[in-house]
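Let's take a walk through this structure together, with aromatic rings as our guide.

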Amino acid sequence: MTTTTPAHPLALSRRRRWTVLAVCCLSMFLVGLDTTIVNVGLPAIGRGLDVGTRGLEWTVDAYTVVLAGLLISSGALADRFGRRRVFQWGLTVFGVASLACALAPSVGALVAARAVQGIGASMLSPVALAIVVNAMPDPRERAQAIGVWASVFGLSMAAGPVTGGALIAGLGWRSLFWINVPVVVAALVLSAVFVPESRAGRARRLDLAGQILLTVTIGVWVGILIEGPRIGWTAPAAQAAYAVAVAATAGFVWVERHRREPLMDLRLFRGPLFSGAVLGAVAVFVALNAALLLNTLYLQHTRGFSPLAAGTATLPMALAATVCAPWSGRLVGRGGPRLPLFLAGGFLTAGGLCLAGLDQDTSIALLLVAYLLIGIGFGFANAPITTTAVSGLPPARAGVAGAITSTARQVGAALGIALAGGLVADTGPAGLAHASRPGWLLVAACGLVLLLVARAARPTPPARNETSGTASAARTR
C-alpha cells in the first residue's frame with residue numbers, strides 16, 4: 001500500500017504550522033494530565049468506592065500499562081490509515097472512556113474504563129508527534145516544535161495534582177474525568193479544521209504477535225510489583241506470574257528479532273545514545289510518579305491534608321516544570337542535550353535526598369523545597385531526552401525513536417506507581433512516612449541515572465542531516 005501526503009508541509013503557512021502544534025499539544029496535555037491527575041484523588045476514590053491502596057494502584061496503572069503497550073502499534077495504524085483520522089479516533093475513544101470513568105459504580109468498572117482510556121491515549125501520543133514533525137519541514141523549526149511538544153507533555157504531568165486537588169475540592173473525584181469531555185470536543189473540532197491529513201509513503205505491517213507479547217510483558221511485570229506484597233513473593237501464584245513474565249519477555253525478543261518489520265526493532269538499542277535516552281525516559285517517569293504517589297498518601301493520610309491542600313503543595317513542582325521545560329528546549333537548541341540532562345539529574349537527585357529521612361513531623365518548608373527541586377529536574381529532562389533519542393539514530397529511524405521513547409515514559413510511570421505503592425500499600429498512617437523513605441531514595445537514584453545519560457549525550461546540537469530525517473521518518477516509517 002503506497003500513499004502520499006495530500007499537501008506538502010511546505011504549503012502550510014507558519015501560522016497554520018504552529019496552530020497544528022497547538023492542537024497536538026492540547027491532546028498531549030490531556031494524555032499527560034490523566035497520567036497524574038488521578039494521584040491526588042486516590043484517597044477520595046478509595047473512600048467513594050470502598051477500596052484499598054492496592055486497588056487504587058490499578059486505577060492508575062491500568063491506564064499507563066495499556067498506553068505503554070499500544071503506543072507503537074497506534075503509530076503504525078496512523079501511518080496506514082491516516083494520522084489525523086487515527087488522532088480523531090483516539091480522541092473519541094478517550095472521551096467516551098472518560099465518561100465511563102466518571103460514571104463507574106465500582107473499582108472494577110473504573111479500572112476497566114481506565115484501560116479503555118489508555119487505548120484512546122495510545123492513538124494520541126505518537127500520532128501527535130508524527131503530525132507535528134510532518135507539518136514542520138525546516139529542521140530548526142522542527143527541533144523547536146519537538147521541544148515544545150515534549151515540554152507540554154512534561155508540564156501536563158506535573159500540573160496533574162494541582163488540577164486534581166482543585167477539581168475534587170469543588171466537584172468531587174468524578175470531576176477528574178468529566179473535565180476531559182469539553183477538552184476532547186474542542187480538540188476534535190480544531191483537528192478537523194486545522195490539522196492536515198498525512199500518511200506514510202509505505203505503511204508498515206502490523207506485528208500482532210509482537211504487540212500481544214509486549215502488552216503481556218509490561219502488564220505482568222507491573223502486576224507482580226503491585227500484587228507481590230499481598231500474595232507473597234514466593235507464593236505459587238507469584239511463581240506462576242514470574243514464569244509467564246519471563247516467557248512473554250523471551251517470546252517478545254525472539255519474535256522481534258525474526259520479523260522483517262518488527263513492532264520494536266531491537267537493533268536500535270545497540271546505539272548508546274538511543275539506549276541512554278530510553279533509560280533516561282524510564283528513570284524520569286519512575287521518579288515523577290513515585291514522588292506524586294508518595295506525596296499524595298503522606299500528606300492526606302499522615303498529615304491530614306485535604307485533596308486541595310495536597311495538590312497545592314505540589315504547586316512548586318508544577319511551576320518549576322512550567323518555567324524550566326521551555327528553558328530546557330532553548331538550551332537544547334543552542335548547545336545540545338548534555339547541560340539540560342545534567343541539570344535534570346542533579347536537581348532530581350537533590351529533591352529525592354531531601355526526603356530520604358521523611359518522618360511524621362517533617363517541616364512543610366522542606367517538603368516544598370523537595371517538590372521544587374524535583375519539578376526543576378523534571379522540567380529540564382523531557383526535551384533533551386527526546387532530542388537525544390532522535391539524534392542517536394540514523395535519519396530513516398528517527399520517527400520510530402519518538403514512539404519507543406514515549407513507550408519508555410509510560411513504562412516508567414507504571415513502574416513508579418507499582419514500586420512506590422508496594423512500599424506503602426499495607427502501612428497505616430503512622431508508619432507511612434518511614435515506609436516511604438526507600439521511595440525517595442529511588443527518586444534520587446533516578447536522578448543519578450540521568451547524570452550517567454548526560455555524560456553520554458552529545459554536547460552540541462545534532463547535525464542538520466541527522467535532524468532533517470525526522471520529518472521523512474514520520475512519513476516513511
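Is W327 buried, partly exposed or exposed? W327 counts as partly exposed, at 41% relative accessibility; buried means under 20% relative accessible area, exposed over 50% and partly exposed in between, with a 1.4 Å probe and protein chains only. Before we go on, please note that this is a predicted model, where local features need pLDDT of at least 70, side-chain atom pairs count only at pLDDT 80 or more, and totals for chains, interfaces and linings use all residues. Residues are numbered from 1 along each chain as its sequence is written, and side-chain values use heavy atoms, leaving out hydrogens and water.

Now to the rings. Rings of Phe, Tyr and Trp (its six-membered ring) pair if their centres lie within 6.5 Å; planes under 30 degrees apart count as stacked, over 60 as edge-to-face and the rest as tilted. By this rule there are four aromatic pairs. One of them is edge-to-face: the ring centres of F285 and F378 are 5.5 Å apart, with the planes at 70°. F285 belongs to helix α12 (residues 272-302) and F378 to helix α16, so this pair ties together parts 93 residues apart in sequence. Helices here are DSSP runs (H or I, at least four residues), numbered from the N terminus. F285 is buried at 1% relative accessibility, and F378 is buried at 3%.

W327 and F380 also form an aromatic pair, a tilted one, with 5.3 Å centre to centre and 55° between the planes. Because W327 lies in helix α14 (residues 315-335) and F380 in helix α16, the pair ties together parts 53 residues apart in sequence. F380 is buried, with a relative accessible area of 2%.

How values were computed:
Helices (H or I, at least four residues) and strands (E, at least two) are DSSP runs, numbered from the N terminus.
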